[in-house]
Amino acid sequence: ESEALDARLRGKRDEGPVVVVHHGDLPVDAAPGLLRALRLPADKAGYARALYDTLHAADGLGAAAIWMEMPPPQEDWRDVRDRLSRAASVDRGEWD
């Protein structure tokens, strides 16, 4: 996953800096084209509590784009995945 993210960031470098919002262990802090990486809690309750504040903070950084690592594919996360999918105008590419 880290290599796919690095490749996508390198490919989008000319479009401006990117903020990555993630919940896993992606080593994204030094990726080219990255303005900032913001980490959400890995547990669903913590993720849900922090989601909108984190997105608001990401938006306030002035990046050209905010990239989200999608929540886990387990059934109990379906509502969160659905909400993010419907709320986003996405170029999901290969990293979700």
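The model is predicted: local features need pLDDT of at least 70, side-chain atom pairs count only at pLDDT 80 or more, and totals for chains, interfaces and linings use all residues. Residues are numbered from 1 along each chain as its sequence is written, and side-chain values use heavy atoms, with hydrogens and water left out.

**Overall fold**

The protein chain has three helices and three strands. Helices (H or I, at least four residues) and strands (E, at least two) are DSSP runs, numbered from the N terminus. Their order from the N terminus is α-β-β-α-β-α. Of the 96 residues, 36% count as buried, meaning under 20% relative accessible area with a 1.4 Å probe, protein chains only.

**The sheet**

The three strands form an open sheet, ordered β2-β1-β3, with parallel pairing. Two strands pair if DSSP finds at least two bridges between them. β2 (34-39) and β3 (65-68) are the edge strands, each with a single partner, so one side of each has no neighbour in the sheet. Neighbouring strands are turned by 20 degrees against each other on average, direction ignored. Axes here are lines fitted to C-alpha atoms, for helices over the stretch in contact, and angles run from 0 to 180 degrees between N-to-C directions. β1 (residues 18-22) pairs with β2 over five bridges. Histidine 22 stands opposite arginine 39 in β2.

Helix α2 packs on this sheet and touches β1, β2 and β3. Contact means heavy atoms within 4.5 Å. The direction of α2 makes about 160 degrees with that of β3.

| Element | Residues |
|---|---|
| β1 | 18-22 |
| β2 | 34-39 |
| α2 | 44-60 |
| β3 | 65-68 |
| α3 | 78-87 |

**The cores**

Nonpolar side chains tend to be buried together in soluble globular proteins. A nonpolar core is a set of buried Ala, Val, Leu, Ile, Met, Phe, Trp, Tyr and Cys residues joined through side-chain atoms within 4.5 Å. The largest one has twelve residues, including Val19, Leu38, Tyr47, Met68 and Trp77. β1, α2 and α3 each supply at least two of its residues. α2 gives the most, with three. Another core, of five residues, lies apart from it and includes Val18 and Trp67.

Leucine 38 touches Val19, Val21, Thr54 and Ala58, among others, not counting residues up to four places away in sequence.

Key
Buried < 20%, exposed > 50% of the residue type's maximum accessible area, 1.4 Å probe, protein only.
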